[in-house]
Amino acid sequence: MKKFKGLTFLVILMIFALVAAGCNNGGDSSVDVGIVLPTKDEPRWVQDEQRFKDALADSDYSTEILFSQGSSAKEKENVEALLNKGIKVLIITPHDGAAAAAAVEAAKKEGVTVIAYDRLITDTDAVDYYVTFDSLAVGAAQAQYLVDNADGSDVPLYLYAGAASDNNAFLFFEGAWKVLQPKIADGTFKIANSSEAEALKDSADLSRDQLGKIIGQITTNWDANDAKNKAQTHLTAAADDLKGDVSILAPNDGTARSIADVFASDNAITNYFVTGQDAEKASIQYIIDEQQSMTVFKDVRTLVKDAMGMAVEVLDGNTPETTGSYDNGEVEVKAKQTDVIVVDKENVKAELIDSKYYEASEFTGLE
(Lines give C-alpha, C1' and ligand atoms only; values in the text may rest on other atoms or scores of the structure.)
Protein backbone atom coordinates (compact mmCIF):
# COMPACT_ATOMS: atom_id res chain seq x y z
CA MET A 1 0.00 0.00 0.00
CA LYS A 2 2.81 2.38 0.85
CA LYS A 3 4.51 1.52 -2.43
CA PHE A 4 1.31 2.37 -4.34
CA LYS A 5 1.04 5.70 -2.56
CA GLY A 6 4.63 6.45 -3.46
CA LEU A 7 3.99 5.65 -7.11
CA THR A 8 0.86 7.81 -7.06
CA PHE A 9 2.85 10.68 -5.61
CA LEU A 10 5.50 10.31 -8.34
CA VAL A 11 2.83 10.29 -11.05
CA ILE A 12 1.30 13.47 -9.61
CA LEU A 13 4.74 15.11 -9.56
CA MET A 14 5.34 14.15 -13.19
CA ILE A 15 1.95 15.53 -14.26
CA PHE A 16 2.65 18.75 -12.37
CA ALA A 17 6.04 19.06 -14.04
CA LEU A 18 4.52 18.56 -17.48
CA VAL A 19 1.85 21.19 -16.80
CA ALA A 20 4.49 23.60 -15.52
CA ALA A 21 6.63 22.99 -18.57
CA GLY A 22 3.64 23.71 -20.80
CA CYS A 23 3.04 26.97 -18.99
CA ASN A 24 6.67 27.94 -19.38
CA ASN A 25 6.57 27.18 -23.10
CA GLY A 26 3.52 29.39 -23.39
CA GLY A 27 5.45 32.11 -21.56
CA ASP A 28 8.35 31.76 -23.97
CA SER A 29 6.04 32.58 -26.88
CA SER A 30 4.63 35.69 -25.22
CA VAL A 31 5.58 39.11 -26.59
CA ASP A 32 6.26 42.31 -24.65
CA VAL A 33 5.99 44.88 -27.47
CA GLY A 34 3.71 44.39 -30.46
CA ILE A 35 4.35 46.56 -33.51
CA VAL A 36 1.91 47.03 -36.39
CA LEU A 37 3.17 48.81 -39.52
CA PRO A 38 0.95 49.84 -42.46
CA THR A 39 2.53 48.16 -45.51
CA LYS A 40 5.56 46.40 -46.92
CA ASP A 41 5.06 48.16 -50.25
CA GLU A 42 6.95 51.32 -49.21
CA PRO A 43 10.71 51.21 -48.46
CA ARG A 44 10.24 53.36 -45.37
CA TRP A 45 8.28 50.73 -43.44
CA VAL A 46 10.49 47.81 -44.45
CA GLN A 47 13.48 49.78 -43.17
CA ASP A 48 11.60 50.54 -39.96
CA GLU A 49 11.01 46.81 -39.41
CA GLN A 50 14.75 46.16 -39.18
CA ARG A 51 15.35 49.28 -37.10
CA PHE A 52 12.77 48.16 -34.55
CA LYS A 53 14.39 44.73 -34.37
CA ASP A 54 17.82 46.29 -33.88
CA ALA A 55 16.52 48.67 -31.20
CA LEU A 56 15.55 45.79 -28.89
CA ALA A 57 18.38 43.44 -29.85
CA ASP A 58 20.25 44.00 -26.56
CA SER A 59 17.12 44.18 -24.41
CA ASP A 60 15.45 41.55 -22.24
CA TYR A 61 12.14 42.52 -23.83
CA SER A 62 10.70 40.74 -26.87
CA THR A 63 8.90 42.17 -29.88
CA GLU A 64 6.86 41.01 -32.86
CA ILE A 65 6.22 43.08 -35.99
CA LEU A 66 3.22 42.62 -38.28
CA PHE A 67 2.22 44.43 -41.48
CA SER A 68 -1.34 45.44 -42.38
CA GLN A 69 -0.80 45.79 -46.14
CA GLY A 70 -3.06 48.79 -46.49
CA SER A 71 -6.07 47.12 -44.86
CA SER A 72 -7.78 48.34 -41.70
CA ALA A 73 -9.39 44.90 -41.31
CA LYS A 74 -5.97 43.22 -41.45
CA GLU A 75 -4.67 45.82 -39.02
CA LYS A 76 -7.36 44.87 -36.49
CA GLU A 77 -6.54 41.18 -36.97
CA ASN A 78 -2.88 41.96 -36.33
CA VAL A 79 -3.68 43.76 -33.09
CA GLU A 80 -5.87 40.86 -31.95
CA ALA A 81 -3.10 38.37 -32.76
CA LEU A 82 -0.63 40.38 -30.69
CA LEU A 83 -3.08 40.70 -27.79
CA ASN A 84 -3.37 36.92 -27.78
CA LYS A 85 0.39 36.82 -27.25
CA GLY A 86 0.12 38.93 -24.14
CA ILE A 87 1.69 42.20 -25.32
CA LYS A 88 2.02 44.98 -22.74
CA VAL A 89 2.78 47.79 -25.22
CA LEU A 90 1.36 48.30 -28.72
CA ILE A 91 3.22 50.52 -31.20
CA ILE A 92 1.02 51.10 -34.25
CA THR A 93 1.14 53.14 -37.44
CA PRO A 94 -2.48 53.17 -38.59
CA HIS A 95 -3.46 52.66 -42.21
CA ASP A 96 -6.52 54.81 -41.51
CA GLY A 97 -6.32 56.99 -38.41
CA ALA A 98 -10.03 56.87 -37.63
CA ALA A 99 -10.59 53.21 -38.53
CA ALA A 100 -7.76 52.15 -36.20
CA ALA A 101 -9.73 53.39 -33.18
CA ALA A 102 -11.56 50.07 -32.75
CA ALA A 103 -8.31 48.11 -32.74
CA VAL A 104 -6.61 50.24 -30.11
CA GLU A 105 -9.74 50.33 -27.95
CA ALA A 106 -9.54 46.52 -27.80
CA ALA A 107 -5.92 46.87 -26.69
CA LYS A 108 -6.78 49.38 -23.96
CA LYS A 109 -9.41 47.01 -22.57
CA GLU A 110 -6.59 44.51 -22.06
CA GLY A 111 -4.55 47.10 -20.15
CA VAL A 112 -2.09 47.60 -23.02
CA THR A 113 -0.30 50.94 -23.41
CA VAL A 114 -0.91 52.27 -26.94
CA ILE A 115 1.73 54.31 -28.76
CA ALA A 116 0.75 55.80 -32.13
CA TYR A 117 3.84 55.82 -34.32
CA ASP A 118 4.30 58.53 -36.99
CA ARG A 119 0.55 58.71 -37.71
CA LEU A 120 -2.02 59.80 -35.17
CA ILE A 121 -5.02 57.59 -34.35
CA THR A 122 -8.08 59.81 -34.19
CA ASP A 123 -11.49 59.98 -32.51
CA THR A 124 -10.68 57.77 -29.53
CA ASP A 125 -9.34 58.16 -25.99
CA ALA A 126 -7.51 54.82 -26.25
CA VAL A 127 -4.19 56.35 -27.37
CA ASP A 128 -1.65 56.97 -24.62
CA TYR A 129 1.26 58.46 -26.55
CA TYR A 130 2.22 59.66 -30.02
CA VAL A 131 5.76 59.51 -31.39
CA THR A 132 6.10 61.73 -34.43
CA PHE A 133 8.04 64.20 -36.46
CA ASP A 134 6.63 67.72 -36.38
CA SER A 135 4.26 67.26 -39.31
CA LEU A 136 3.34 70.95 -39.54
CA ALA A 137 7.07 71.73 -39.77
CA VAL A 138 7.45 69.20 -42.63
CA GLY A 139 4.82 70.95 -44.74
CA ALA A 140 6.17 74.37 -43.83
CA ALA A 141 9.70 73.33 -44.87
CA GLN A 142 8.45 72.04 -48.23
CA ALA A 143 6.51 75.23 -48.87
CA GLN A 144 9.37 77.50 -47.78
CA TYR A 145 11.66 75.80 -50.27
CA LEU A 146 9.21 76.63 -53.07
CA VAL A 147 8.89 80.22 -51.83
CA ASP A 148 12.67 80.65 -51.66
CA ASN A 149 13.06 79.43 -55.23
CA ALA A 150 10.12 81.27 -56.82
CA ASP A 151 11.19 83.82 -59.41
CA GLY A 152 8.87 86.66 -60.41
CA SER A 153 5.10 86.53 -60.15
CA ASP A 154 2.23 84.28 -61.24
CA VAL A 155 4.43 81.18 -60.89
CA PRO A 156 2.15 78.19 -61.61
CA LEU A 157 1.76 76.21 -58.38
CA TYR A 158 0.70 72.57 -58.54
CA LEU A 159 -0.56 71.18 -55.25
CA TYR A 160 -0.60 67.50 -54.24
CA ALA A 161 -1.36 65.84 -50.91
CA GLY A 162 -1.20 62.49 -49.17
CA ALA A 163 -4.13 60.21 -48.35
CA ALA A 164 -7.30 61.78 -46.97
CA SER A 165 -7.46 58.86 -44.49
CA ASP A 166 -4.11 59.89 -42.94
CA ASN A 167 -4.17 62.66 -40.34
CA ASN A 168 -0.56 63.48 -41.22
CA ALA A 169 -1.65 64.46 -44.74
CA PHE A 170 -3.81 67.18 -43.19
CA LEU A 171 -0.97 68.38 -40.97
CA PHE A 172 1.55 68.41 -43.83
CA PHE A 173 -0.79 70.39 -46.04
CA GLU A 174 -1.83 72.74 -43.24
CA GLY A 175 1.84 73.52 -42.54
CA ALA A 176 2.48 74.12 -46.24
CA TRP A 177 -0.62 76.26 -46.72
CA LYS A 178 0.33 78.67 -43.92
CA VAL A 179 3.57 79.43 -45.80
CA LEU A 180 2.18 79.37 -49.34
CA GLN A 181 -1.07 81.27 -48.81
CA PRO A 182 0.48 84.73 -48.31
CA LYS A 183 2.51 84.21 -51.48
CA ILE A 184 -0.60 83.11 -53.36
CA ALA A 185 -2.45 86.18 -52.08
CA ASP A 186 0.33 88.58 -53.14
CA GLY A 187 0.56 87.12 -56.65
CA THR A 188 3.85 85.24 -56.37
CA PHE A 189 2.07 81.95 -57.06
CA LYS A 190 -0.95 81.11 -59.18
CA ILE A 191 -2.78 77.89 -58.23
CA ALA A 192 -2.79 75.63 -61.28
CA ASN A 193 -4.71 72.48 -60.40
CA SER A 194 -7.21 72.93 -57.56
CA SER A 195 -10.43 74.89 -57.76
CA GLU A 196 -10.99 74.21 -54.04
CA ALA A 197 -7.64 75.80 -53.14
CA GLU A 198 -8.32 78.68 -55.53
CA ALA A 199 -11.65 79.36 -53.79
CA LEU A 200 -9.85 79.55 -50.43
CA LYS A 201 -6.75 81.46 -51.55
CA ASP A 202 -7.58 84.45 -49.34
CA SER A 203 -7.98 82.33 -46.20
CA ALA A 204 -4.79 81.97 -44.15
CA ASP A 205 -6.32 79.56 -41.64
CA LEU A 206 -8.32 76.62 -42.95
CA SER A 207 -10.75 74.48 -41.01
CA ARG A 208 -10.52 70.69 -41.07
CA ASP A 209 -13.44 70.63 -43.48
CA GLN A 210 -11.79 73.17 -45.81
CA LEU A 211 -8.51 71.24 -45.74
CA GLY A 212 -10.47 68.09 -46.51
CA LYS A 213 -12.06 69.66 -49.58
CA ILE A 214 -8.68 70.61 -51.02
CA ILE A 215 -7.02 67.32 -50.12
CA GLY A 216 -9.92 65.38 -51.59
CA GLN A 217 -9.25 67.09 -54.91
CA ILE A 218 -5.45 66.70 -54.97
CA THR A 219 -4.87 63.49 -53.01
CA THR A 220 -2.30 60.99 -54.28
CA ASN A 221 -3.32 58.41 -51.66
CA TRP A 222 0.44 58.11 -51.05
CA ASP A 223 0.49 56.06 -54.26
CA ALA A 224 3.04 56.71 -57.01
CA ASN A 225 0.69 55.56 -59.79
CA ASP A 226 -2.15 57.73 -58.49
CA ALA A 227 0.27 60.66 -58.39
CA LYS A 228 1.43 59.99 -61.95
CA ASN A 229 -2.12 59.77 -63.29
CA LYS A 230 -3.20 62.93 -61.48
CA ALA A 231 -0.17 64.88 -62.73
CA GLN A 232 -0.79 63.73 -66.31
CA THR A 233 -4.44 64.79 -66.06
CA HIS A 234 -3.48 68.21 -64.68
CA LEU A 235 -0.85 68.89 -67.32
CA THR A 236 -3.15 67.79 -70.13
CA ALA A 237 -5.77 70.27 -68.93
CA ALA A 238 -3.30 73.09 -68.19
CA ALA A 239 -3.23 76.18 -70.40
CA ASP A 240 0.07 77.56 -71.65
CA ASP A 241 0.22 80.17 -68.90
CA LEU A 242 0.21 77.34 -66.34
CA LYS A 243 3.37 75.79 -67.75
CA GLY A 244 6.89 77.19 -68.25
CA ASP A 245 8.70 77.48 -64.89
CA VAL A 246 6.52 75.82 -62.24
CA SER A 247 6.50 74.94 -58.54
CA ILE A 248 5.15 71.61 -57.29
CA LEU A 249 4.18 70.69 -53.74
CA ALA A 250 4.54 66.90 -53.69
CA PRO A 251 3.80 65.26 -50.32
CA ASN A 252 6.49 62.57 -50.18
CA ASP A 253 9.36 61.07 -52.17
CA GLY A 254 7.44 58.26 -53.86
CA THR A 255 4.87 60.67 -55.29
CA ALA A 256 7.52 63.32 -55.99
CA ARG A 257 9.45 61.04 -58.34
CA SER A 258 6.32 60.08 -60.29
CA ILE A 259 5.16 63.68 -60.55
CA ALA A 260 8.65 64.85 -61.53
CA ASP A 261 8.81 62.25 -64.31
CA VAL A 262 5.53 63.53 -65.74
CA PHE A 263 6.54 67.20 -65.63
CA ALA A 264 9.99 66.45 -67.06
CA SER A 265 8.40 64.74 -70.06
CA ASP A 266 6.28 67.79 -70.98
CA ASN A 267 8.15 70.01 -73.46
CA ALA A 268 6.17 73.05 -72.33
CA ILE A 269 7.66 72.76 -68.82
CA THR A 270 10.95 74.67 -68.91
CA ASN A 271 11.87 74.20 -65.25
CA TYR A 272 10.30 72.85 -62.09
CA PHE A 273 10.94 72.74 -58.35
CA VAL A 274 9.37 69.73 -56.64
CA THR A 275 9.32 68.86 -52.95
CA GLY A 276 9.40 65.52 -51.16
CA GLN A 277 9.94 63.88 -47.79
CA ASP A 278 11.44 60.72 -46.26
CA ALA A 279 14.89 60.85 -47.91
CA GLU A 280 14.24 57.62 -49.81
CA LYS A 281 17.33 56.28 -51.55
CA ALA A 282 15.77 56.59 -55.01
CA SER A 283 14.90 60.23 -54.35
CA ILE A 284 18.40 61.03 -53.13
CA GLN A 285 19.65 59.84 -56.53
CA TYR A 286 16.96 62.01 -58.15
CA ILE A 287 18.20 65.00 -56.13
CA ILE A 288 21.80 64.34 -57.14
CA ASP A 289 20.63 64.10 -60.77
CA GLU A 290 18.54 67.31 -60.35
CA GLN A 291 15.28 65.51 -61.11
CA GLN A 292 13.85 66.19 -57.62
CA SER A 293 14.62 69.45 -55.83
CA MET A 294 14.55 68.56 -52.15
CA THR A 295 13.35 66.13 -49.52
CA VAL A 296 12.50 66.59 -45.87
CA PHE A 297 14.80 64.22 -44.01
CA LYS A 298 13.11 62.65 -41.04
CA ASP A 299 15.79 60.59 -39.33
CA VAL A 300 13.74 57.48 -38.70
CA ARG A 301 16.58 56.07 -36.61
CA THR A 302 15.75 58.71 -34.01
CA LEU A 303 12.02 58.13 -34.28
CA VAL A 304 12.42 54.38 -33.78
CA LYS A 305 14.66 54.99 -30.76
CA ASP A 306 12.07 57.40 -29.34
CA ALA A 307 9.26 54.87 -29.78
CA MET A 308 11.19 51.94 -28.36
CA GLY A 309 12.59 54.10 -25.56
CA MET A 310 9.04 55.08 -24.65
CA ALA A 311 7.95 51.41 -24.71
CA VAL A 312 10.83 50.37 -22.44
CA GLU A 313 10.02 53.19 -20.02
CA VAL A 314 6.45 51.89 -19.81
CA LEU A 315 7.62 48.29 -19.33
CA ASP A 316 10.02 49.44 -16.61
CA GLY A 317 7.13 51.13 -14.81
CA ASN A 318 8.20 54.70 -15.58
CA THR A 319 6.42 57.65 -17.20
CA PRO A 320 7.86 58.46 -20.65
CA GLU A 321 9.09 61.95 -21.45
CA THR A 322 6.95 63.98 -23.88
CA THR A 323 7.45 67.32 -25.62
CA GLY A 324 3.94 68.34 -26.65
CA SER A 325 0.46 67.08 -27.47
CA TYR A 326 -1.93 66.63 -30.40
CA ASP A 327 -5.71 66.87 -30.46
CA ASN A 328 -7.01 63.66 -32.03
CA GLY A 329 -10.64 64.78 -32.00
CA GLU A 330 -11.35 63.08 -28.68
CA VAL A 331 -8.41 63.84 -26.37
CA GLU A 332 -5.06 65.62 -26.27
CA VAL A 333 -2.51 62.87 -26.90
CA LYS A 334 0.89 63.37 -25.26
CA ALA A 335 3.62 63.38 -27.91
CA LYS A 336 7.36 63.04 -28.36
CA GLN A 337 8.43 65.11 -31.37
CA THR A 338 11.55 64.66 -33.51
CA ASP A 339 13.10 67.46 -35.60
CA VAL A 340 13.22 67.43 -39.42
CA ILE A 341 15.97 68.56 -41.83
CA VAL A 342 15.68 69.98 -45.37
CA VAL A 343 18.03 68.19 -47.79
CA ASP A 344 18.87 69.31 -51.32
CA LYS A 345 21.84 68.83 -53.62
CA GLU A 346 23.95 71.30 -51.62
CA ASN A 347 23.86 69.47 -48.29
CA VAL A 348 22.95 65.89 -49.24
CA LYS A 349 26.45 64.59 -48.52
CA ALA A 350 26.73 66.28 -45.12
CA GLU A 351 23.31 65.21 -43.91
CA LEU A 352 22.97 61.70 -45.32
CA ILE A 353 26.43 60.35 -46.11
CA ASP A 354 28.57 61.87 -43.37
CA SER A 355 25.87 60.93 -40.81
CA LYS A 356 26.09 57.28 -41.99
CA TYR A 357 22.41 57.19 -42.93
CA TYR A 358 23.52 56.03 -46.40
CA GLU A 359 26.82 54.93 -47.91
CA ALA A 360 28.35 57.03 -50.71
CA SER A 361 28.72 53.85 -52.77
CA GLU A 362 24.94 53.59 -53.01
CA PHE A 363 24.80 56.61 -55.36
CA THR A 364 26.34 57.82 -58.61
CA GLY A 365 27.44 61.39 -59.36
CA LEU A 366 27.80 62.32 -55.70
CA GLU A 367 30.39 65.08 -55.26
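View 1. E280 is buried, with a relative accessible area of 9% (buried means under 20% relative accessible area, exposed over 50% and partly exposed in between, with a 1.4 Å probe and protein chains only). E280 lies in the loop that joins β9 (269-274) to α11 (281-288); helices (H or I, at least four residues) and strands (E, at least two) are DSSP runs, numbered from the N terminus. Leaving aside residues up to four places away in sequence, E280 contacts P43, D253, G254, R257 and Y358, where contact means heavy atoms within 4.5 Å.

The model is predicted: local features need pLDDT of at least 70, side-chain atom pairs count only at pLDDT 80 or more, and totals for chains, interfaces and linings use all residues. Residues are numbered from 1 along each chain as its sequence is written, and side-chain values use heavy atoms, with hydrogens and water left out.

**View 2. Q69 and its positive phi.** Q69, a residue other than glycine, has a phi near 50 degrees. Its place is the loop between β2 (63-67) and α3 (72-83), and Q69 is partly exposed at 40% relative accessibility. Most residues other than glycine have a negative phi.

**View 3. D154 and its positive phi.** D154 is not a glycine, yet its phi is positive, at about 55 degrees. The loop between α5 (135-148) and β6 (155-159) holds D154, which is partly exposed at 44% relative accessibility.

View 4. V331 sits in the loop between β11 (324-327) and β12 (332-338) and is partly exposed, at 26% relative accessibility. V331 and D123 are separated by 208 residues in sequence and by 7.9 Å in space, C-alpha to C-alpha. Not counting residues up to four places away in sequence, V331 touches T124, D125 and Y326.
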